[in-house]
Amino acid sequence: MPGFEYLGKEELKELNNLFKRDKACLFAHGFEKFRKRFHVREFEDQCAKKMKTKFALAVTSGTSAIKIGLKALGVKPGDEVITQGFNFIATVEAIIDTGAKPIMCNVDQSLNMCPHDLKKLISKKTKAIIPVHMLGVTCKMDEIKQIAKKNKIKILEDNCESMGGKYKKKLLGTLGEIGVVSYDFGKTITCGEGGMIFTNDKKLDKYVRDYHDHGHELNPKFPRGEDTVKIVGFNYRMTEMQAIVGKEQLKKLNKIIRENKKRYKKLEKKIKNVASFREEPKKGEQIYDTLILFMKNKKKRNEIVNFLKKKGFGTKNLPDAIKWHCASFWKHALPRNQIKRIKKTKNLLESSIAIPIWLRKSVTDYNKLGEQLHDIITAK
Ligand SMILES: Cc1ncc(COP(=O)(O)O)c(C=O)c1O
């Protein structure tokens with residue numbers, strides 16, 4: 001599951017080094033006399049290398065990454081931005097924060113953006129589409145990209161939940177104009193809080209870089225105090241401490257996915273003949289941190305959820321935090337017509353159970369869980 005289960009001595013050693021060797025310089029810029037290294041910049045370079053993008057910018061959170069990305073794409077008050085009904089509130093908040101209007105698209109059996117519904121939502125005001133790769137699984141990116149291209153609309157991929165996942169061998173978060181990930185405490189890898197913005201477009205990178213740091217251009221001709229500025233920005237800078245932890249976590253990403261997969265496959269094998277699962281889009285490679293099954297029978301669903309709770313597995317968002325992940329519940333943020341149009345999404349999510357893959361639990365634990373769930377599902 002998340003990287004926090006693999007937080008340990010490696011991160012601690014490097015944090016200690018930061019205080020001893022690098023004179024506790026916690027700021028991403030300047031102070032050259034005191035330090036030899038710039039950890040935020042190193043983390044960015046390593047993430048860009050990992051994701052095979054030209055640019056990566058570290059910021060304070062996945063939420064700020066989405067907002068900054070939307071601003072870079074030119075989203076402004078009066079525009080519409082389409083995103084999906086199975087999501088996290090952050091995406092809708094980021095759209096609202098730019099002054100634009102969130103338009104909610106239904107999900108399909110993959111529990112990600114439904115391309116057929118997306119087509120119906122395009123209008124003259126649509127400025128961007130945010131497909132969200134929820135809980136480890138890719139959106140149907142070919143179909144979504146085709147619609148975007150035909151209508152000359154930009155894509156910002158919200159890949160906060162699925163770093164390391166792929167579509168057609170390409171890493172999620174690198175398929176649109178901009179992609180973002182989150183490093184908050186529940187994510188695949190974590191540095192407590194944090195996010196990263198990926199792009200291959202030099203102009204977009206320049207905008208997000210300036211914007212996240214009060215407009216600073218980091219003009220090499222001037223010291224920071226006399227730096228040049230062209231745009232009004234804000235402060236969404238990551239600290240050196242976060243970057244140190246992030247760099248160590250990044251080294252563990254492949255192992256986390258590998259270990260997830262072993263547990264996931266054991267569980268899946270035991271119940272695959274008796275349960276129906278979320279659809280996995282063709283040519284996708286997921287990160288195996290959650291197994292989602294559909295269970296329409298309410299009594300049976302409750303039984304499974306209670307069993308998972310009792311055995312210390314719990315559920316991941318569905319149903320325990322459905323109110324934060326199903327847009328039908330966001331009456332404080334969305335107009336009634338948007339809430340009403342994603343009824344199908346609500347029905348699908350309400351009949352789903354998301355089983356988390358914990359790394360602190362063993363492969364044998366998941367094998368046993370599979371056997372027990374098999375019995376519960378098949379019992380009369
Ligand atoms: C789909 C999605 N988008 C955005 C975010 C926001 O990320 P952060 O918590 O880093 O702000 C999250 C975090 O839960 C998320 O799951």
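Author: Just after helix 2, Lys52 takes a positive phi of about 60°. Helices here are DSSP runs of H or I with at least four residues, strands are runs of E with at least two, and both are numbered from the N terminus. This is a predicted model, where local features need pLDDT of at least 70, side-chain atom pairs count only at pLDDT 80 or more, and totals for chains, interfaces and linings use all residues. Residues are numbered from 1 along each chain as its sequence is written, and side-chain values use heavy atoms, with hydrogens and water left out.

Reader: OK, and which residues of helix 2 are buried?

Author: His39, Val40, Phe43, Glu44, Cys47, Ala48 and Met51. Buried means under 20% relative accessible area, exposed is over 50%, and partly exposed is in between (1.4 Å probe, protein chains only).

Reader: Switching topic: where does Phe19 lie, and is Phe19 buried or partly exposed?

Author: Phe19 sits in helix 1, residues 9–20. Phe19 is partly exposed, at 47% relative accessible area.

Reader: What about the sheet, what's the strand order?

Author: The order is 7-6-11, an open sheet of three strands with antiparallel pairing. Strand 7 (170–171) and strand 11 (284–285) are at the edges with a single partner strand each, so one side of each has no neighbour in the sheet. Two strands pair if DSSP finds at least two bridges between them.

Reader: How many bridges join strand 6 to strand 11?

Author: Two, with strand 6 covering residues 166–167. Lys166 has Glu285 of strand 11 as its bridge partner.
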